[in-house]
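Here's a quick briefing to read with the structure open beside you. Take it topic by topic and click along as you go.

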Amino acid sequence: MSKKPNGFNTRCVHSGELQDTQFKGAVSPLFPSSSYAYEGVEKVRYPRYFNTPNQEALAKKMAALEGGEQALIFGSGMAAVSNALLAFLQAGDHVVLQQSLYGGTYNLAVEEFSKYGIQYSFTHGNSIEAFEAHIKENTKVIYIETPSNPLLTITDIRKISELARRYGLVSMIDNTFASPVNQNPIDLGIDISIHSATKYMGGHSDILAGAVIGSASHIERIFQLGKNLGGNLSDYTVWLLERSMKTMGLRVRVQSENALEIARFLDEQPEVKQVFYPGLPSHPDHAIAATQMRGFGGMLSFELAQELDVDRFLKSLRWIKPSMSLAGVESTILAPAKTSHGLLTPQARREQGISDGLLRLSVGIEEYEDLIEDISQALVQAK
Ligand SMILES: *Cc1c(COP(=O)(O)O)cnc(C)c1O
C-alpha cells in the first residue's frame, strides 16, 4: 500500500499523524514540552522554532492538503501573512497587492510597510493588466486573495502565477475563503499559499491560527524570519487544530453546497437587490472560478433592497447569528459597512462597492432548508 494517501478526506484524517507507540491510542499524542534534550538528538526542538512534534505533524497535514512541500503554522492568520510578506521584502523593495484584500492585510501594508522602507501598490481591479501595470524594477512580490472579502471577486490564479514567473516575482495568495477543499493554488503555479486557519481549517469558531504552505526553499526563508519574530502557535492549540482539520473536507463540502442553494434562493427574491457568489452563473467571474475551484465556498454576500430595514432583518434571524469572523459550522452574518469596513468614509465604501444594505453570510453546516426558511421570515420582518 502506498504511504501517501491520495483521497482528500483520507489526507485530512491521516496525513502527518503521530503514532501513540506507548499506549496505541487512535489519535496523535500531544507533546507540550518547551524544553527538549540537546545532546544525542538529530535536532534541537523548541516551540518557537516551529519544530515540536505536534507542529511538524500538523505542518505535514497542511502541506499534504495544499500540495506544497512544507508548511509552517502560526499563532494567527495575520502572523502568517506578515511573516510571508516580510520574509521576501526588505527596504527598497516593492510589492503589488490586490485592491480587494482582507482588512488586516490592507492595514499591515498601509500602517507598517513605510516603517521598513517597503513600497507597495494596490491594483485597480483584478485583471492581469491591473497587476502588470504596477510591476516595477524593484517589485519582488505579487499578492492576491481569491475569492475576496466581502464581494467574492475572483482573480485568475493561473494567469497571476504566469505573470509572476515572467517577471521573476514571488507569488502569494490568501487562500482562506476557498480553503484547500475548494482550491489548491500551488497546483495552479502559485509559490506560497497563506491561510487564516481561524476560519475553515479550525471551523468551529474557537481557534486563532494561521499557516503558510509552499516549496521547501520558500518555507525555509519564512522560517528564518519567523523564528526571530516569534509567532508560532502553542502546541495545545496545534493539537486542537489537527482534530478540527480531520473534518474539514466534510464541513466545507456541505458549507459550499448550502451556500449555492442559498445563493440561488436569494437571487430569486425581490427583496434582494444583488447576490455575490462565484457559483452563480450571473457572477461576472463565474467562468474563471469554475476553472480553478472545485466548489465555490461557503461565503456569499447579498444586498438588501433599499426599502428594507437592515437592522430589523438581522434581529429577526433565528438561526443565523450576527457575528464577526466566519467559517464556523454555525451560520453567521455581518454588515461590512458597520464592521470590517466601518472605519472607511461612506465615499470610500461606495467606491469599493460596499453599500449599507450589503450583508456577508458565512454559511454553516445546518440543513439549508432551515437556513432558507430563516432568511425568508427575516425578509418579511424587515419590510
Ligand atoms: C480572518 C482572515 C485573515 C486574518 O486571520 P486572523 O486569524 O484573524 O489573524 C486573513 N485573511 C482572510 C481572508 C481572513 O478571513
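Alanine 327 sits in the loop that runs between strand E10 (321-322) and strand E11 (332-334). Its phi is positive, about 80°, even though alanine 327 isn't a glycine. Alanine 327 counts as buried because its relative accessibility is 0%. Keep in mind that this is a predicted model.

- Most residues other than glycine have a negative phi, and most peptide bonds are trans.
- Serine 205 is another residue other than glycine with a positive phi, near 55°.
- You'll find serine 205 in the loop between strand E6 (192-196) and strand E7 (210-214).
- Serine 205 has 51% relative accessibility, so it counts as exposed.
- Threonine 146 and proline 147 are linked by a cis peptide bond, with omega at about -5°.
- Proline 147 belongs to the loop between strand E4 (139-145) and helix H6 (157-167).
- Asparagine 149 and proline 150 are joined by a cis peptide bond too, with an omega of about -5°.
- Proline 150 is in the loop between E4 and H6.

**The chain as a whole**

- The protein chain has 14 helices and 12 strands.
- Its C-alpha trace spans about 70 × 55 × 35 Å along the principal axes.
- A compact globule of 383 residues would have a radius of gyration near 21 Å, and the protein chain agrees, with 21 Å.
- Of the 383 residues in the protein chain, 55% are buried.
- Take the contacts in the protein chain with a separation of 6 or more: 72% of them are between residues 24 or more positions apart.

**Two domains**

- The protein chain splits into domain 1 (8-245) and domain 2 (248-381).
- The contact between them takes 34 residues from domain 1 and 38 residues from domain 2.
- Taken over C-alpha atoms, the centres of domain 1 and domain 2 are 26 Å apart.

**The largest pocket**

- Where does the largest pocket lie? Both domain 1 (8-245) and domain 2 (248-381) give residues to its lining, so the pocket lies between them.
- The largest pocket has a volume of about 950 Å³.
- Its lining is made of 34 residues, and Leu101, Tyr102, Gly103, His341 and Gln352 are the ones nearest the centre of the pocket.
- By type, the lining of the largest pocket comes to 13 nonpolar, 18 polar and 3 charged residues.
- Helix H4 (103-112) and helix H13 (346-351) each put at least two residues into that lining.
- H4 gives the most, with 4 residues in the lining of the largest pocket.

- Glutamate 271 is in the loop between helix H10 (248-267) and strand E8 (272-276).
- With a relative accessible area of 12%, glutamate 271 is buried.
- Apart from neighbours within four places in sequence, glutamate 271 is in contact with Leu304, Ala305, Leu308, Leu379 and Lys383.
- Glutamate 271 and leucine 304 are 33 residues apart in sequence, yet C-alpha to C-alpha they are 6.1 Å apart in space.
- Glutamine 377 is part of helix H14 (residues 368-381).
- Glutamine 377 counts as buried because its relative accessibility is 18%, and the cut-off for buried is under 20%.
- Leaving out residues up to four places away in sequence, glutamine 377 touches Ser316, Leu317 and Arg318.

Conventions. Residues numbered from 1 in each chain as written. Predicted model: local features only at pLDDT ≥ 70, side-chain atom pairs only at ≥ 80, totals over all residues. Heavy atoms only, no water. 1 Å grid on protein atoms, 1.4 Å probe; cavity = no way out; pocket = protein on both sides within 12 Å on 5 of 7 lines; lining within 4 Å. Points joined across faces, edges and corners; volume = space filled by probe spheres on them. Nonpolar A, V, L, I, M, F, W, Y, C, P; charged D, E, K, R; others polar. Domains from an automatic or database assignment. Rg over C-alpha atoms; globule rule 2.2 N^0.38 Å. Buried < 20%, exposed > 50% of the residue type's maximum accessible area, 1.4 Å probe, protein only. Contact = heavy atoms within 4.5 Å.
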